[in-house]
Amino acid sequence: MSIPGLGQIAPQAPTISSTRTLTLRPFGEYRFEIPALLAGTAERDGTELALNHAYTFPRGTQSKILTYTGWCWFWGKDTGKTTVVRTLAALATRPVVGSVDPREGMLALPGTISAAVFGTVMDVEDPAGGFGVSGTPSSGPSAVPVKLPMVYYFGSERVDEDGELWRDLVGKLGSSVRAKFAADEKVREAGLLLDTPAATVAKADMEMLGHVVSEFAVNTVIVLGSPDVHAELQRRLQNEKTAHGEPITVLLLDKSDGVARRDKDFMKFTQEAAIKEYFFGDYKRTLSPFTQSVGFDEVAIFKAPDDGDFYPNQPALEPAEISAEMSHWTLTVMNASVNDPPETIRQAPVMGFVGIADVDEDRRRLKILSPVSGRLGNRPMVWGRWPEPYINLLG
(Lines give C-alpha, C1' and ligand atoms only; values in the text may rest on other atoms or scores of the structure.)
Protein backbone atom coordinates (compact mmCIF):
# COMPACT_ATOMS: atom_id res chain seq x y z
CA MET A 1 0.00 0.00 0.00
CA SER A 2 1.25 3.52 -0.83
CA ILE A 3 0.29 6.71 1.04
CA PRO A 4 1.23 10.07 -0.55
CA GLY A 5 4.25 11.47 1.22
CA LEU A 6 4.96 8.26 3.11
CA GLY A 7 5.77 5.83 0.32
CA GLN A 8 5.28 2.10 0.56
CA ILE A 9 4.03 0.62 3.83
CA ALA A 10 4.59 -3.06 4.29
CA PRO A 11 1.43 -5.09 4.90
CA GLN A 12 0.87 -5.98 8.54
CA ALA A 13 0.46 -9.59 9.54
CA PRO A 14 -2.96 -10.30 11.02
CA THR A 15 -3.10 -10.52 14.79
CA ILE A 16 -3.89 -14.03 15.95
CA SER A 17 -5.99 -14.23 19.10
CA SER A 18 -5.17 -17.15 21.35
CA THR A 19 -7.77 -18.49 23.77
CA ARG A 20 -6.95 -21.04 26.42
CA THR A 21 -9.92 -22.85 27.95
CA LEU A 22 -9.67 -24.22 31.49
CA THR A 23 -12.10 -26.70 33.02
CA LEU A 24 -12.50 -26.43 36.79
CA ARG A 25 -13.74 -29.35 38.86
CA PRO A 26 -16.27 -28.82 41.66
CA PHE A 27 -14.69 -26.94 44.55
CA GLY A 28 -11.80 -26.16 42.25
CA GLU A 29 -10.04 -22.83 42.11
CA TYR A 30 -7.91 -21.06 39.51
CA ARG A 31 -5.58 -18.29 40.67
CA PHE A 32 -4.06 -16.01 38.11
CA GLU A 33 -1.81 -13.03 37.55
CA ILE A 34 -2.44 -12.76 33.81
CA PRO A 35 -4.16 -10.07 31.73
CA ALA A 36 -7.08 -12.01 30.24
CA LEU A 37 -9.09 -15.22 30.49
CA LEU A 38 -12.31 -16.80 29.22
CA ALA A 39 -14.66 -17.79 32.07
CA GLY A 40 -17.73 -20.02 32.21
CA THR A 41 -20.00 -20.44 35.22
CA ALA A 42 -17.84 -19.24 38.06
CA GLU A 43 -17.23 -16.25 40.32
CA ARG A 44 -14.55 -13.78 41.23
CA ASP A 45 -14.69 -12.92 44.94
CA GLY A 46 -18.42 -13.57 45.12
CA THR A 47 -19.43 -11.81 41.89
CA GLU A 48 -20.75 -14.30 39.33
CA LEU A 49 -19.24 -14.33 35.85
CA ALA A 50 -21.51 -14.41 32.81
CA LEU A 51 -21.55 -17.62 30.79
CA ASN A 52 -19.29 -17.59 27.69
CA HIS A 53 -18.25 -13.98 28.14
CA ALA A 54 -14.63 -12.93 27.64
CA TYR A 55 -13.29 -10.89 30.57
CA THR A 56 -10.20 -8.70 30.39
CA PHE A 57 -8.09 -7.94 33.45
CA PRO A 58 -5.50 -5.13 33.47
CA ARG A 59 -1.81 -5.75 33.99
CA GLY A 60 -0.95 -6.36 37.62
CA THR A 61 -4.28 -7.96 38.57
CA GLN A 62 -3.89 -10.67 41.21
CA SER A 63 -7.04 -12.66 41.88
CA LYS A 64 -8.81 -15.98 41.52
CA ILE A 65 -11.67 -17.61 39.61
CA LEU A 66 -13.71 -20.15 41.56
CA THR A 67 -16.31 -22.70 40.42
CA TYR A 68 -19.80 -21.87 41.55
CA THR A 69 -20.43 -25.28 43.16
CA GLY A 70 -18.36 -24.25 46.17
CA TRP A 71 -16.39 -21.31 47.56
CA CYS A 72 -13.29 -21.02 49.70
CA TRP A 73 -12.08 -18.66 52.43
CA PHE A 74 -8.99 -16.99 52.33
CA TRP A 75 -5.62 -10.67 60.72
CA GLY A 76 -1.94 -10.27 59.72
CA LYS A 77 -0.45 -8.91 56.58
CA ASP A 78 -1.36 -10.53 53.24
CA THR A 79 -3.78 -13.06 54.73
CA GLY A 80 -6.66 -12.37 52.33
CA LYS A 81 -8.90 -10.42 54.74
CA THR A 82 -9.87 -7.90 52.04
CA THR A 83 -10.86 -10.78 49.76
CA VAL A 84 -13.14 -12.18 52.46
CA VAL A 85 -14.82 -8.79 52.87
CA ARG A 86 -15.17 -8.40 49.11
CA THR A 87 -16.67 -11.90 48.73
CA LEU A 88 -19.22 -11.36 51.49
CA ALA A 89 -20.10 -7.96 50.03
CA ALA A 90 -20.86 -9.58 46.68
CA LEU A 91 -23.05 -12.25 48.27
CA ALA A 92 -24.96 -9.99 50.69
CA THR A 93 -27.92 -7.74 49.86
CA ARG A 94 -27.32 -3.99 50.40
CA PRO A 95 -24.71 -4.20 53.17
CA VAL A 96 -22.54 -1.30 54.24
CA VAL A 97 -18.94 -2.16 53.37
CA GLY A 98 -16.13 -0.18 54.96
CA SER A 99 -12.36 -0.02 55.23
CA VAL A 100 -10.37 1.66 57.99
CA ASP A 101 -7.08 0.60 56.41
CA PRO A 102 -5.54 3.73 54.81
CA ARG A 103 -2.92 1.77 52.88
CA GLU A 104 -5.15 1.04 49.91
CA GLY A 105 -8.37 3.05 49.98
CA MET A 106 -11.78 1.61 49.13
CA LEU A 107 -13.73 3.45 46.41
CA ALA A 108 -11.24 6.27 46.98
CA LEU A 109 -7.54 7.02 46.66
CA PRO A 110 -4.98 5.55 49.06
CA GLY A 111 -4.61 7.41 52.35
CA THR A 112 -8.33 7.38 53.15
CA ILE A 113 -10.85 5.41 55.17
CA SER A 114 -14.35 4.96 53.76
CA ALA A 115 -17.67 3.13 53.75
CA ALA A 116 -20.50 2.73 51.24
CA VAL A 117 -23.72 0.83 50.68
CA PHE A 118 -23.11 -1.99 48.19
CA GLY A 119 -26.57 -2.34 46.71
CA THR A 120 -25.50 -3.17 43.15
CA VAL A 121 -23.16 -5.59 41.41
CA MET A 122 -19.41 -5.02 41.54
CA ASP A 123 -17.19 -4.70 38.47
CA VAL A 124 -15.56 -8.08 37.89
CA GLU A 125 -12.84 -6.56 35.67
CA ASP A 126 -11.81 -3.94 38.24
CA PRO A 127 -8.25 -4.80 39.44
CA ALA A 128 -9.47 -4.06 42.99
CA GLY A 129 -12.40 -6.44 42.52
CA GLY A 130 -15.08 -3.77 42.79
CA PHE A 131 -13.36 -1.75 45.52
CA GLY A 132 -11.53 0.58 43.08
CA VAL A 133 -12.23 4.16 42.03
CA SER A 134 -13.99 2.96 38.87
CA GLY A 135 -16.99 2.18 41.04
CA THR A 136 -17.55 5.83 41.99
CA PRO A 137 -19.15 8.77 40.10
CA SER A 138 -17.01 10.31 37.37
CA SER A 139 -17.33 12.41 34.22
CA GLY A 140 -17.55 9.29 32.06
CA PRO A 141 -19.63 6.10 31.76
CA SER A 142 -19.39 3.28 34.28
CA ALA A 143 -19.50 -0.46 33.63
CA VAL A 144 -21.69 -0.98 36.72
CA PRO A 145 -23.96 1.26 38.84
CA VAL A 146 -21.72 3.50 40.93
CA LYS A 147 -21.42 3.54 44.72
CA LEU A 148 -21.50 6.72 46.82
CA PRO A 149 -18.83 6.34 49.52
CA MET A 150 -18.42 8.32 52.72
CA VAL A 151 -14.71 9.15 52.73
CA TYR A 152 -12.36 10.67 55.32
CA TYR A 153 -8.76 11.63 54.59
CA PHE A 154 -6.00 10.26 56.83
CA GLY A 155 -3.01 11.11 54.68
CA SER A 156 -0.53 8.56 56.05
CA GLU A 157 0.20 4.96 55.22
CA ARG A 158 0.21 3.46 58.72
CA VAL A 159 -2.13 4.04 61.64
CA ASP A 160 0.76 4.54 64.07
CA GLU A 161 1.95 7.60 62.13
CA ASP A 162 -0.97 9.59 63.58
CA GLY A 163 -2.98 7.32 65.83
CA GLU A 164 -5.00 10.11 67.43
CA LEU A 165 -6.23 11.42 64.07
CA TRP A 166 -7.03 7.90 62.85
CA ARG A 167 -9.13 7.23 65.96
CA ASP A 168 -11.01 10.51 65.46
CA LEU A 169 -11.72 9.72 61.80
CA VAL A 170 -12.84 6.18 62.65
CA GLY A 171 -15.29 7.74 65.08
CA LYS A 172 -16.57 10.07 62.35
CA LEU A 173 -16.97 7.18 59.91
CA GLY A 174 -18.74 5.11 62.56
CA SER A 175 -21.20 7.96 63.12
CA SER A 176 -21.83 8.14 59.37
CA VAL A 177 -22.56 4.41 59.24
CA ARG A 178 -24.97 4.63 62.18
CA ALA A 179 -26.79 7.49 60.44
CA LYS A 180 -27.10 5.33 57.31
CA PHE A 181 -28.54 2.46 59.36
CA ALA A 182 -31.06 4.80 60.98
CA ALA A 183 -32.21 6.09 57.59
CA ASP A 184 -32.52 2.76 55.75
CA GLU A 185 -34.03 -0.32 57.39
CA LYS A 186 -32.90 -2.71 54.64
CA VAL A 187 -29.31 -1.52 54.94
CA ARG A 188 -29.49 -1.92 58.73
CA GLU A 189 -30.78 -5.48 58.34
CA ALA A 190 -27.95 -6.34 55.91
CA GLY A 191 -25.35 -5.10 58.39
CA LEU A 192 -21.73 -3.99 58.08
CA LEU A 193 -18.64 -5.66 56.61
CA LEU A 194 -15.43 -3.95 57.71
CA ASP A 195 -11.83 -4.35 56.58
CA THR A 196 -9.09 -3.32 59.03
CA PRO A 197 -5.33 -2.75 58.95
CA ALA A 198 -3.09 -5.74 59.57
CA ALA A 199 -2.50 -6.39 63.28
CA THR A 200 -0.32 -8.32 65.71
CA VAL A 201 -0.73 -9.01 69.43
CA ALA A 202 1.12 -5.78 70.25
CA LYS A 203 -0.76 -3.57 72.73
CA ALA A 204 -1.16 -0.70 70.24
CA ASP A 205 -2.64 -3.04 67.61
CA MET A 206 -5.08 -4.58 70.08
CA GLU A 207 -6.22 -1.14 71.22
CA MET A 208 -6.66 -0.14 67.57
CA LEU A 209 -8.90 -3.14 66.88
CA GLY A 210 -10.80 -2.61 70.13
CA HIS A 211 -11.53 0.97 69.06
CA VAL A 212 -12.93 -0.25 65.73
CA VAL A 213 -15.13 -2.86 67.44
CA SER A 214 -16.49 -0.21 69.81
CA GLU A 215 -17.12 2.57 67.27
CA PHE A 216 -18.91 0.32 64.78
CA ALA A 217 -20.71 -1.88 67.36
CA VAL A 218 -19.13 -4.98 65.78
CA ASN A 219 -20.60 -8.26 67.06
CA THR A 220 -18.48 -10.71 65.01
CA VAL A 221 -14.72 -10.52 64.51
CA ILE A 222 -13.01 -12.85 62.01
CA VAL A 223 -9.27 -13.44 62.47
CA LEU A 224 -7.39 -14.98 59.55
CA GLY A 225 -4.33 -17.15 60.01
CA SER A 226 -3.21 -15.86 63.45
CA PRO A 227 -4.08 -17.99 66.52
CA ASP A 228 -2.17 -15.52 68.74
CA VAL A 229 -4.28 -12.55 67.62
CA HIS A 230 -7.42 -14.66 67.94
CA ALA A 231 -6.58 -15.70 71.52
CA GLU A 232 -5.71 -12.15 72.60
CA LEU A 233 -8.88 -10.68 71.08
CA GLN A 234 -10.96 -13.39 72.72
CA ARG A 235 -9.39 -12.55 76.08
CA ARG A 236 -10.04 -8.82 75.64
CA LEU A 237 -13.56 -9.07 74.24
CA GLN A 238 -15.03 -12.10 76.02
CA ASN A 239 -16.86 -9.99 78.62
CA GLU A 240 -17.58 -7.03 76.33
CA LYS A 241 -20.88 -6.23 74.65
CA THR A 242 -21.79 -3.99 71.76
CA ALA A 243 -23.70 -0.73 72.13
CA HIS A 244 -26.81 -2.80 71.39
CA GLY A 245 -26.10 -5.24 74.23
CA GLU A 246 -24.93 -8.09 71.98
CA PRO A 247 -22.04 -10.42 72.89
CA ILE A 248 -18.98 -10.25 70.64
CA THR A 249 -17.95 -13.45 68.85
CA VAL A 250 -14.33 -13.90 67.73
CA LEU A 251 -13.75 -16.53 65.04
CA LEU A 252 -10.47 -17.98 63.74
CA LEU A 253 -10.15 -19.06 60.10
CA ASP A 254 -7.15 -20.57 58.40
CA LYS A 255 -5.22 -18.46 55.94
CA SER A 256 -5.32 -19.77 52.38
CA ASP A 257 -1.99 -21.13 51.18
CA GLY A 258 -2.46 -19.36 47.86
CA VAL A 259 -2.80 -15.78 49.11
CA ALA A 260 -0.65 -13.52 46.94
CA ARG A 261 2.20 -11.64 48.60
CA ARG A 262 2.11 -7.93 47.82
CA ASP A 263 5.54 -6.37 48.17
CA LYS A 264 6.37 -2.65 48.27
CA ASP A 265 6.78 -2.41 44.50
CA PHE A 266 3.39 -4.01 43.85
CA MET A 267 1.66 -1.70 46.33
CA LYS A 268 3.35 1.28 44.69
CA PHE A 269 2.09 0.08 41.31
CA THR A 270 -1.51 -0.28 42.50
CA GLN A 271 -1.47 3.13 44.23
CA GLU A 272 -0.11 4.78 41.10
CA ALA A 273 -2.69 3.00 38.95
CA ALA A 274 -5.54 4.17 41.21
CA ILE A 275 -4.43 7.81 40.94
CA LYS A 276 -4.11 7.60 37.15
CA GLU A 277 -7.50 5.92 36.85
CA TYR A 278 -9.17 8.57 39.01
CA PHE A 279 -8.15 11.33 36.60
CA PHE A 280 -7.84 9.59 33.22
CA GLY A 281 -9.90 6.40 33.44
CA ASP A 282 -8.71 2.95 32.38
CA TYR A 283 -8.67 0.69 29.32
CA LYS A 284 -12.49 0.53 29.30
CA ARG A 285 -13.23 4.25 29.57
CA THR A 286 -11.26 7.40 28.92
CA LEU A 287 -11.76 10.42 31.17
CA SER A 288 -10.67 13.96 30.36
CA PRO A 289 -9.74 15.86 33.51
CA PHE A 290 -10.44 19.58 33.70
CA THR A 291 -7.27 21.70 33.69
CA GLN A 292 -7.23 25.15 35.24
CA SER A 293 -4.59 27.72 36.08
CA VAL A 294 -5.04 29.53 39.38
CA GLY A 295 -3.00 32.03 41.35
CA PHE A 296 -1.38 31.19 44.66
CA ASP A 297 -3.76 33.59 46.40
CA GLU A 298 -6.87 32.05 44.82
CA VAL A 299 -6.67 28.72 46.66
CA ALA A 300 -6.44 27.63 50.31
CA ILE A 301 -4.02 24.73 50.81
CA PHE A 302 -3.25 23.32 54.24
CA LYS A 303 -0.86 20.68 55.55
CA ALA A 304 -0.21 18.88 58.80
CA PRO A 305 2.60 20.45 60.86
CA ASP A 306 5.99 18.83 60.39
CA ASP A 307 6.94 16.18 62.95
CA GLY A 308 9.76 18.30 64.31
CA ASP A 309 7.53 21.34 64.82
CA PHE A 310 5.33 19.90 67.57
CA TYR A 311 4.29 22.17 70.41
CA PRO A 312 1.41 22.21 72.93
CA ASN A 313 -2.06 23.07 71.57
CA GLN A 314 -0.73 22.71 68.05
CA PRO A 315 -3.43 23.12 65.36
CA ALA A 316 -4.39 20.12 63.26
CA LEU A 317 -3.47 21.98 60.06
CA GLU A 318 -1.47 25.01 59.03
CA PRO A 319 -1.32 26.96 55.75
CA ALA A 320 1.03 25.29 53.27
CA GLU A 321 3.74 27.28 51.54
CA ILE A 322 3.15 26.76 47.82
CA SER A 323 6.37 25.88 46.02
CA ALA A 324 7.72 23.65 43.26
CA GLU A 325 7.91 20.85 45.85
CA MET A 326 4.13 20.54 45.54
CA SER A 327 4.35 19.52 41.85
CA HIS A 328 2.79 16.12 41.02
CA TRP A 329 1.19 15.71 44.45
CA THR A 330 -2.48 14.82 44.82
CA LEU A 331 -4.41 17.15 47.14
CA THR A 332 -7.65 16.30 48.93
CA VAL A 333 -10.60 18.67 48.57
CA MET A 334 -12.50 18.84 51.86
CA ASN A 335 -16.22 19.36 52.31
CA ALA A 336 -15.68 22.41 54.50
CA SER A 337 -15.22 26.16 54.26
CA VAL A 338 -11.85 27.87 54.02
CA ASN A 339 -12.97 29.89 57.06
CA ASP A 340 -13.59 26.84 59.26
CA PRO A 341 -11.22 26.08 62.16
CA PRO A 342 -8.29 23.77 61.26
CA GLU A 343 -9.71 20.90 63.32
CA THR A 344 -13.03 21.10 61.46
CA ILE A 345 -11.27 21.08 58.08
CA ARG A 346 -9.03 18.15 59.03
CA GLN A 347 -11.94 15.93 60.05
CA ALA A 348 -14.35 16.98 57.31
CA PRO A 349 -15.58 14.46 54.72
CA VAL A 350 -13.77 14.31 51.40
CA MET A 351 -15.34 15.89 48.30
CA GLY A 352 -12.71 14.64 45.86
CA PHE A 353 -9.10 14.99 44.76
CA VAL A 354 -7.07 17.25 42.48
CA GLY A 355 -3.58 16.86 41.02
CA ILE A 356 -0.94 19.58 40.96
CA ALA A 357 0.42 19.33 37.42
CA ASP A 358 2.80 22.28 37.63
CA VAL A 359 3.90 25.09 39.95
CA ASP A 360 5.18 28.31 38.38
CA GLU A 361 6.86 30.15 41.24
CA ASP A 362 7.82 33.14 39.08
CA ARG A 363 4.26 33.80 37.95
CA ARG A 364 2.81 32.49 41.24
CA ARG A 365 0.40 30.18 39.46
CA LEU A 366 -0.66 26.54 39.77
CA LYS A 367 -1.83 24.19 37.02
CA ILE A 368 -4.43 21.93 38.61
CA LEU A 369 -6.14 18.80 37.29
CA SER A 370 -9.61 17.94 38.57
CA PRO A 371 -12.12 15.26 37.48
CA VAL A 372 -14.79 17.92 36.82
CA SER A 373 -14.87 21.67 36.37
CA GLY A 374 -15.59 23.91 39.33
CA ARG A 375 -14.17 26.61 41.55
CA LEU A 376 -11.60 25.54 44.09
CA GLY A 377 -11.22 28.78 45.99
CA ASN A 378 -14.16 28.21 48.31
CA ARG A 379 -13.05 24.74 49.43
CA PRO A 380 -9.93 23.99 51.50
CA MET A 381 -7.45 21.45 50.17
CA VAL A 382 -5.13 19.31 52.27
CA TRP A 383 -1.60 18.31 51.24
CA GLY A 384 -0.78 15.01 52.96
CA ARG A 385 2.47 13.13 53.45
CA TRP A 386 1.39 10.01 51.55
CA PRO A 387 1.11 8.60 48.89
CA GLU A 388 4.26 10.29 47.68
CA PRO A 389 4.30 11.85 44.18
CA TYR A 390 5.35 8.81 42.18
CA ILE A 391 4.08 10.01 38.81
CA ASN A 392 3.74 12.97 36.49
CA LEU A 393 0.11 12.76 35.44
CA LEU A 394 0.74 14.81 32.30
CA GLY A 395 3.83 12.89 31.27
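**Reading backbone and packing features**

Reply: Let us begin with a residue in a loop: Leu-107 lies in the loop between strand S9 (96–99) and S10. Please bear in mind throughout that the model is predicted.

Me: Which other residue has a positive phi although it is not a glycine, and where is it placed?

Reply: Arg-364 has a positive phi of about 55° and is not a glycine. Arg-364 sits in the loop between strand S19 (350–360) and strand S20 (365–370). With a relative accessible area of 41%, Arg-364 is partly exposed.

Me: Which peptide bond is cis?

Reply: The bond that runs from Trp-386 to Pro-387 is cis, and its omega is near -5°. Pro-387 belongs to the segment after strand S21 (381–383).

Me: Let us turn to the whole chain. How many helices and strands are there, and what percentage of the residues count as buried?

Reply: The protein chain has seven helices and 21 strands. Its length is 395 residues, of which 47% count as buried. The accessible surface of the chain comes to about 20500 Å², and carbon and sulfur atoms account for 51% of that area.

Me: Which residues form the contact of H2 with H4?

Reply: On the H2 side they are Trp-166, Arg-167, Val-170, Gly-171, Gly-174 and Arg-178, and these meet Glu-207, Met-208, His-211, Val-212 and Glu-215 in H4. Sorted by class, this contact of H2 with H4 has four nonpolar, three polar and four charged residues.

Me: At what angle do H4 and helix H5 pack, and how far apart are their axes?

Reply: H4 and helix H5 (residues 227–237) pack at about 55°, with axes 11 Å apart. H4 is therefore oblique to H5. This crossing of H4 and H5 is right-handed. From H4, the residues Lys-203, Met-206, Glu-207, Leu-209 and Val-213 meet Val-229, Glu-232, Leu-233, Arg-236 and Leu-237 in H5. The contact of H4 with H5 comprises six nonpolar, no polar and four charged residues.

Me: What does His-230 touch?

Reply: His-230, placed in helix H5, counts as buried because its relative accessibility is 13%, under the 20% cut-off. Setting aside residues up to four places away in sequence, His-230 touches Val-223, Val-250, Leu-251 and Leu-252. The C-alpha atoms of His-230 and Leu-251 are 7.2 Å apart in space, with 21 residues of separation in sequence.

Me: Where is Ala-190 found, and with which residues is it in contact?

Reply: Ala-190 is part of helix H3 (residues 185–190). A relative accessible area of 31% makes Ala-190 partly exposed. Beyond its neighbours within four places in sequence, Ala-190 is in contact with Thr-93, Arg-94 and Pro-95. Ala-190 and Arg-94 are 96 residues apart along the chain, while 6.0 Å separates their C-alpha atoms.

Me: Finally, is Ser-134 buried or exposed, and which residues does it touch?

Reply: Ser-134 lies in the loop between strand S10 (112–117) and strand S11 (150–153). Ser-134 is buried, its relative accessible area being 7%. Not counting residues up to four places away in sequence, Ser-134 touches Asp-123, Asp-126, Ser-142, Glu-277, Asp-282 and Arg-285.

Definitions and conventions
Residues numbered from 1 in each chain as written. Predicted model: local features only at pLDDT ≥ 70, side-chain atom pairs only at ≥ 80, totals over all residues. Heavy atoms only, no water. Contact = heavy atoms within 4.5 Å. Helix = DSSP H or I, 4+ residues; strand = E, 2+ residues; numbered from the N terminus. Nonpolar A, V, L, I, M, F, W, Y, C, P; charged D, E, K, R; others polar. Buried < 20%, exposed > 50% of the residue type's maximum accessible area, 1.4 Å probe, protein only. Areas by Shrake-Rupley, 256 points an atom, 1.4 Å probe, with all protein chains shown as cover. Axes fitted to C-alpha atoms, helices over the stretch in contact; angles between N-to-C directions. Parallel < 35°, antiparallel > 145°, perpendicular 65-115°, else oblique. Left-handed = near helix turned anticlockwise from the far one by under 90°.
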